[in-house]
Amino acid sequence: MKHAAPKMKGGAKEANGADSPSRLIDARIKELADWRGETLARLRRLVKEADPGIVEEWKWRGVPVWSHAGIICTGETYKNVVKMTFAKGASLEDPSGLFNSSLEGGTRRAIDVHEGDKIDAEALKALVRAAVALNTAARPVRSRKKPGSA
């Protein structure tokens with residue numbers, strides 16, 4: 001089932017803020033009006049609890065994206081699944097075994113949530129925090145030399 005979504009570039013906000021990424025995600029959740037909307041809302045809440053500094057974006061014609069020093073994960077909705085794809089999931093430890101999709105790739109990993117599935121909130125938050133740590137550790141740190149120092 002395709003969803004008509006407001007067109008917007010990347011994580012940019014409209015000048016009046018009416019179509020901010022957060023509002024577009026709110027609208028997607030409301031538009032779904034079923035278990036998928038409830039699941040997306042819960043996943044979103046857990047991501048934000050894990051990292052209050054997370055940035056919400058709206059990309060690729062209607063995909064909620066959560067970023068911190070780069071993309072952490074997406075929240076895609078399909079007819080029979082809500083898919084949470086971690087951009088660098090293959091580099092993350094997953095001691096609770098949350099990743100159950102996209103396991104063959106060398107970079108991404110995903111969690112497919114089906115109707116009725118339970119979500120291990122603490123394990124998911126730990127995975128989000130690990131993804132944030134990976135993104136922030138990967139950023140190059142530039143040292144600034146003082147003028148005249150060797």
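This is a predicted model: local features need pLDDT of at least 70, side-chain atom pairs count only at pLDDT 80 or more; totals for chains, interfaces and linings use all residues.
Residues are numbered from 1 along each chain as its sequence is written, and side-chain values use heavy atoms, with hydrogens and water left out.

View 1. The strands follow the order 1-2-3-4-5 with antiparallel pairing, where two strands pair if DSSP finds at least two bridges between them, and where strands (E, at least two residues) and helices (H or I, at least four) are DSSP runs numbered from the N terminus. Strand 1 (55-59) and strand 5 (109-113) are the edge strands, each pairing on one side only. Strand 4 (residues 82-86) pairs with strand 5 in the antiparallel sense over five bridges, and valine 82 stands opposite valine 113 in strand 5.

**View 2. Two helices and the sheet.** Helix 1 (residues 21-32) lies across strand 1, strand 2 (63-67) and strand 3 (71-77), and runs at about 70° to strand 1; axes here are lines fitted to C-alpha atoms, for helices over the stretch in contact, and angles run from 0 to 180 degrees between N-to-C directions. Helix 2 (residues 35-50) packs on the sheet, where it touches strand 1, strand 2, strand 3, strand 4 and strand 5, and its direction makes about 30° with that of strand 4.

**View 3. The largest nonpolar core.** This core, a set of buried Ala, Val, Leu, Ile, Met, Phe, Trp, Tyr and Cys residues joined through side-chain atoms within 4.5 Å, has 31 residues, and Ile72, Met84, Phe86, Ile111 and Leu124 are those with the most contacts inside it. Helix 3 gives the largest share, seven residues. Leaving out residues up to four places away in sequence, leucine 124 touches Leu43, Leu46, Met84, Phe86, Leu98, Ile111 and Ile119, contact meaning heavy atoms within 4.5 Å.

View 4. Apart from neighbours within four places in sequence, lysine 125 is in contact with Leu46, Glu49 and Ala50. Aspartate 51, in the loop between helix 2 and strand 1, also counts as buried, because its relative accessibility is 9%. From C-alpha to C-alpha, aspartate 51 and lysine 125 are 8.2 Å apart in space, although 74 residues apart in sequence.

Conventions. Buried means under 20% relative accessible area, exposed over 50%, partly exposed in between (1.4 Å probe, protein chains only).
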